[in-house]
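Please take a walk through this structure with me. Keep the sequence and the 3D view at hand.

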Amino acid sequence: NHLFVLNAWLALARRHGPQKLPLLVCVGRPGFMAEPALALLRNAPALREGVRLLSDVPDSALAGLYEGALFTLYNSHHEGWGLPVTEALAKGKVVLAPDHSGLLEAGAGLATHFRHQSEPDFIALVERLAFDAAFRREQEAKVATGLKLRSWPAVADELLDRLARAPEPGPPA
């Protein structure tokens with residue numbers, strides 16, 4: 001839901017001036033029904049100055065983007081899992097995401113959530129993360145001390161163990 005984010009970012013740029021906001025970097029290809037968001041980006045000078053769209057970013061560059069980010073945000077109307085949320089947390093970054101669907105689980109109790117589709121909530125939290133360094137450090141510490149991720153080999157070992165213990169399938173009915 002890039003249109004929601006861009007409209008809110010435009011409101012923030014009008015309130016604070018685009019030069020005072022962190023650069024908003026949107027990573028990924030434009031998706032289904034992206035044209036209204038792309039049109040807003042083309043037609044709003046404050047957004048053109050402070051927003052970058054990056055497509056086809058390799059994993060090595062993505063790691064650098066996470067590392068250099070002040071915080072991350074992920075917004076979607078509905079999400080089955082929310083891999084970008086988990087990825088950002090794994091990189092130690094504060095994540096701002098809506099409070100619905102798989103995003104709550106992907107956030108592992110460590111993401112900062114706003115009420116879905118609430119621009120005032122979203123803007124208030126962006127302002128705190130962008131301008132209140134103590135709040136941002138508090139959220140970063142929550143991520144650093146609370147995240148318990150397993151390695152890929154550990155996940156594979158657990159999967160193989162479960163498959164080995166699975167009952168044999170019965171005859172077809």
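This is a predicted model: local features need pLDDT of at least 70, side-chain atom pairs count only at pLDDT 80 or more; totals for chains, interfaces and linings use all residues.

Residues are numbered from 1 along each chain as its sequence is written, and side-chain values use heavy atoms, with hydrogens and water left out.

Start with the helices. Helices (H or I, at least four residues) and strands (E, at least two) are DSSP runs, numbered from the N terminus. Two packed helices are described by the angle between their axes and the distance between the axes. Axes here are lines fitted to C-alpha atoms, for helices over the stretch in contact, and angles run from 0 to 180 degrees between N-to-C directions.

How do helix 1 and helix 2 cross? Their axes come within 8 Å, at an angle of roughly 25°. Helix 2 spans residues 35-43. The two helices are therefore roughly parallel to each other. Angles under 35 degrees count as roughly parallel, over 145 as roughly antiparallel, 65 to 115 as roughly perpendicular and the rest as oblique. The crossing of helix 1 and helix 2 is left-handed: the near helix is turned anticlockwise from the far one by less than a right angle. Helix 1 brings His2, Leu3, Leu6, Asn7 and Leu10 to the contact, and helix 2 brings Pro36, Ala37, Leu40 and Leu41. Contact means heavy atoms within 4.5 Å. By class, this contact has seven nonpolar, two polar and no charged residues. Ala, Val, Leu, Ile, Met, Phe, Trp, Tyr, Cys and Pro count as nonpolar, Asp, Glu, Lys and Arg as charged, and the others, Gly among them, as polar.

Now turn to helix 7 (residues 119-131) and helix 8 (residues 133-146), whose axes come within 5 Å and cross at roughly 95°. That makes helix 7 roughly perpendicular to helix 8. Leu125, Arg128, Leu129, Ala130 and Phe131 of helix 7 touch Ala133, Phe135, Arg136 and Gln139 of helix 8. This contact has six nonpolar, one polar and two charged residues.

Salt bridges come next. The whole structure has seven of them, each a side-chain nitrogen of Lys or Arg within 4 Å of a carboxyl oxygen of Asp or Glu. One joins Arg15 and Glu127, at 2.7 Å from N to O. Arg15 sits in helix 1 (residues 2-16) and Glu127 in helix 7, so the pair links distant parts of the chain, 112 residues apart. Arg15 is exposed, at 51% relative accessible area, whereas Glu127 is buried, at 17%. Buried means under 20% relative accessible area, exposed over 50%, partly exposed in between (1.4 Å probe, protein chains only).

Another salt bridge pairs Glu35 with Arg42, at 2.5 Å between the closest N and O atoms. Glu35 is partly exposed at 44%, and Arg42 is partly exposed at 47%. In helix 9 (residues 152-165), Arg165 and Asp161 lie four residues apart, about one turn of the helix. Their side chains meet in a salt bridge of 3.0 Å, N to O.

Finally, look at the backbone. Most residues other than glycine have a negative phi. Asp56, not a glycine, has a positive phi of about 55°. Asp56 is placed in the loop between strand 2 (51-54) and helix 4 (59-68), and is exposed at 56%. Ser101 also has a positive phi, of about 45°. Ser101 lies in helix 6 (residues 101-106) and is partly exposed at 31%.
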